[in-house]
Amino acid sequence: MSSDAHLQYILRLADNALILGQRNAEWTGHGPVLEEDIALSNLSLDLIGQARLLYTHAGQLEGALTGQPRTEDDYAYWRAEQAFRNYTLLELPHAGPMVATSSAARDYAVTIVRHFLYAALMVPMWQALTASSDSELAAIAAKSVKEMRYHLAHMRDWLVRFGDGTETSHARAQAALDWLMPYTNEFFATDAVESAVADAGIGVRPADLRDTWEATVRDALDEATLAWPEPGPYVSTGKQGVHSEHMGYLLAEMQGLARQFPGASW
């Protein structure tokens, strides 16, 4: 039996994958080297593929709840900003604290650190979700955990390369980490939706994954000779639908074509 919490949980997972996939796709044709340009594009496609599976499942759940099933396009292109429930971390631009001019609008260290922090969470989360009482979610998780293990390994290698590289690359990685780490508090701020699906055996309480996530991150930071930023109390609110000023611009880019030509097909 589906519930509103069940639906909202699936949409959160889907929104996270879609928004990070959209953000990272901005590097297509602009990667630091050709091989990495192609690699990051493929990782973005993995995330968008995960989002598609989850949105399709969400549409079926919504149909069971309301009698009006929705499609993946409905969720991706026709929801307003406040309806998205992704982590704020994932919508932030690539332009981190060491980007000083408009001619350098992206910092690859920001991209790497952000994706690493997210992948370090999603590997144990997808693994746990393979045991979900929602059989469709469990199947999606079984596929997704394989992809995210590769994402984590790839991003960890780049993190170490940045941190243990030149003085400049180390400074960029540390600045990105200092900027982004406070947003990870949102990962573990368990709310009513997450508690409800965990109690039902559908989902996972993110707080239960914190020790595993932290061990993964600390191990990588030690090898990269990067310092763990000072903890703070700030908790972002993307999964509550309250986003940063960057979200609207991202959605305008992503949704513009569909909204210009509603009902079009190719």
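Which helix is S144 found in? S144 belongs to helix α6, which covers residues 135–163; helices here are DSSP runs of H or I with at least four residues, strands are runs of E with at least two, and both are numbered from the N terminus. Please keep in mind that this is a predicted model, in which local features need pLDDT of at least 70, side-chain atom pairs count only at pLDDT 80 or more, and totals for chains, interfaces and linings use all residues. Residues are numbered from 1 along each chain as its sequence is written, and side-chain values use heavy atoms, with hydrogens and water left out.

**Overall build**

- The protein has ten helices and zero strands, so its elements read α-α-α-α-α-α-α-α-α-α from the N terminus on.
- With a radius of gyration of 18 Å, close to the 18 Å from the globule rule for 266 residues, the protein is as compact as a globular protein of that length; the radius is taken over C-alpha atoms, and the rule is 2.2 Å times the number of residues to the power 0.38.
- Along its principal axes, the C-alpha trace spans about 60 × 45 × 35 Å.
- Of the 266 residues, 52% count as buried (under 20% relative accessible area, with exposed over 50% and partly exposed in between, using a 1.4 Å probe and protein chains only).
- Among contacts (heavy atoms within 4.5 Å) with a separation of 6 or more, 79% come from residues 24 or more positions apart.

**Helix α1**

- Helix α1 (residues 4–25) has 22 residues and should span 32 Å at 1.5 Å a residue, which agrees with the 31 Å between its end C-alpha atoms; the expected span is 1.5 Å times one less than the number of residues.
- Because 19 of its 22 residues are buried, α1 is largely enclosed by the rest of the structure.

- S144 is buried, with a relative accessible area of 0%, and leaving aside neighbours within four places in sequence, S144 is in contact with Q50 and W126.
- E223 lies in helix α9 (residues 210–224) and is partly exposed at 44%.
- Beyond its neighbours within four places in sequence, E223 is in contact with R156, V160 and D164.
- The side chains of E223 and R156 make a polar contact of 2.8 Å (N or O atoms within 3.5 Å; within protein, one must be able to donate a hydrogen and the other to accept it, and residues adjacent in sequence count only if both atoms are side-chain atoms).
- E223 and R156 are 67 residues apart in sequence, and their C-alpha atoms are 9.7 Å apart.
- Most residues other than glycine have a negative phi.
- T225 has a positive phi of about 55° although it is not a glycine, and T225 is partly exposed at 43%.

**Aromatic rings and charges**

- The whole structure holds ten aromatic pairs (rings of Phe, Tyr and Trp, the last by its six-membered ring, with centres within 6.5 Å; planes under 30 degrees apart are stacked, over 60 edge-to-face and the rest tilted).
- Y108 and W158 form an edge-to-face pair, 5.5 Å centre to centre with 75° between the planes.
- This pair links distant parts of the chain, with Y108 in helix α5 (residues 108–129) and W158 in helix α6, 50 residues apart.
- Both Y108 and W158 are buried.
- Ring pairs link Y87, F187, F188, W213 and W228 into a cluster.
- The charged end of R79 sits over the ring of F84, 4.2 Å from its centre (NZ of Lys or CZ of Arg within 6 Å of the ring centre and within 35 degrees of the ring normal).
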